[in-house]
Amino acid sequence: MKWKRIALALGIVGVLGGATAALAAANGHHGRNFQKMISARVNHVLDEIDATPEQRQAINQVKDDAVAKLQQKRQQHANEHAYWMKVLTADQVDVNALNAAADQRAQDMAATAKEIIIPALVKVHDALTPAQRQKLAGMVKSHQQGGFGGPEQ
C-alpha cells in the first residue's frame, strides 16, 4: 500500500514537475510558449485519465497557481548566475561562502516543495478519483520505469 502512495505521489509530482521543468526552460521560450507547453501536457494527462470538466477546471487552476508561484521563485533566483560567475572568476574561492550559498539554496528548494509543490499535489490528489489516481500512477510507471529517476519499488 505504501509503494502505491509513493507511486501516486510521484505521478502527480511528475505532472507538476513537468511544469517546473518547463518553467526552468522558459527563459528561452519567453513565457507564452512554455505556458502553452505546460497546459498541453496537463490537458493530455487529463484526457488520458478521463477527467471531468470540473476536475479539469480545478486542476488547471492548481497548475496556473503553481506556475505563477514558481515563476516568482525563478525571478527571485535570477541573480544566482551572476553570483556563481563572480565566484568562478574570483582570485580566491571562499568555500564557506559557497557552502552557505548551497545550504540556502537547499532551504529554498525545501520551502518551494512545502509551500508550492506539496499543496498543489494535495489539491490534485483530492480532485481525482481513486481510479484516476491509479491510472495516473500507471501512466507514470509506463512512461519511465522506476518512477522519476529512481529504481523501481
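**View 1. The buried residues of helix H3 in the predicted model**. H3 runs over residues 53-76 and has 24 residues. From first C-alpha to last, H3 reaches 35 Å, close to the expected 34 Å.

**View 2. The largest nonpolar core**. This core has 19 residues. Leu46, Ile49, Ile59 and Leu128 touch the most other members. Helix H2 (32-48), H3 and helix H5 (95-127) each give two or more residues to the core.

**View 3. Contacts of Ile59**. Leaving aside residues up to four places away in sequence, Ile59 touches Val42, Leu46, Val124, Ala127 and Leu128.

**View 4. The aromatic pair Tyr83 and Trp84**. The whole structure holds 1 aromatic pair. The ring centres of Tyr83 and Trp84 lie 5.1 Å apart, and the planes meet at 75 degrees, so the pair is edge-to-face. Tyr83 is partly exposed, at 31% relative accessibility. Trp84 is partly exposed too, at 38%.

View 5. Confidence is highest in H5, at a mean of 93, and lowest in helix H1 (residues 2-25), at 50. Residues 25-29 have pLDDT below 50, with 4 contacts beyond near neighbours in sequence. Residues 147-153 also fall below 50, with 12 such contacts. Where pLDDT is low, the predicted coordinates should not be read in detail.

Technical notes
Residues numbered from 1 in each chain as written. Predicted model: local features only at pLDDT ≥ 70, side-chain atom pairs only at ≥ 80, totals over all residues. Heavy atoms only, no water. Phe/Tyr/Trp six-rings, centres within 6.5 Å; stacked < 30°, edge-to-face > 60°. Buried < 20%, exposed > 50% of the residue type's maximum accessible area, 1.4 Å probe, protein only. Helix = DSSP H or I, 4+ residues; strand = E, 2+ residues; numbered from the N terminus. Expected span 1.5 Å × (residues − 1). Core = buried A, V, L, I, M, F, W, Y, C linked by side-chain atoms within 4.5 Å. Contact = heavy atoms within 4.5 Å. pLDDT = per-residue confidence, 0-100.
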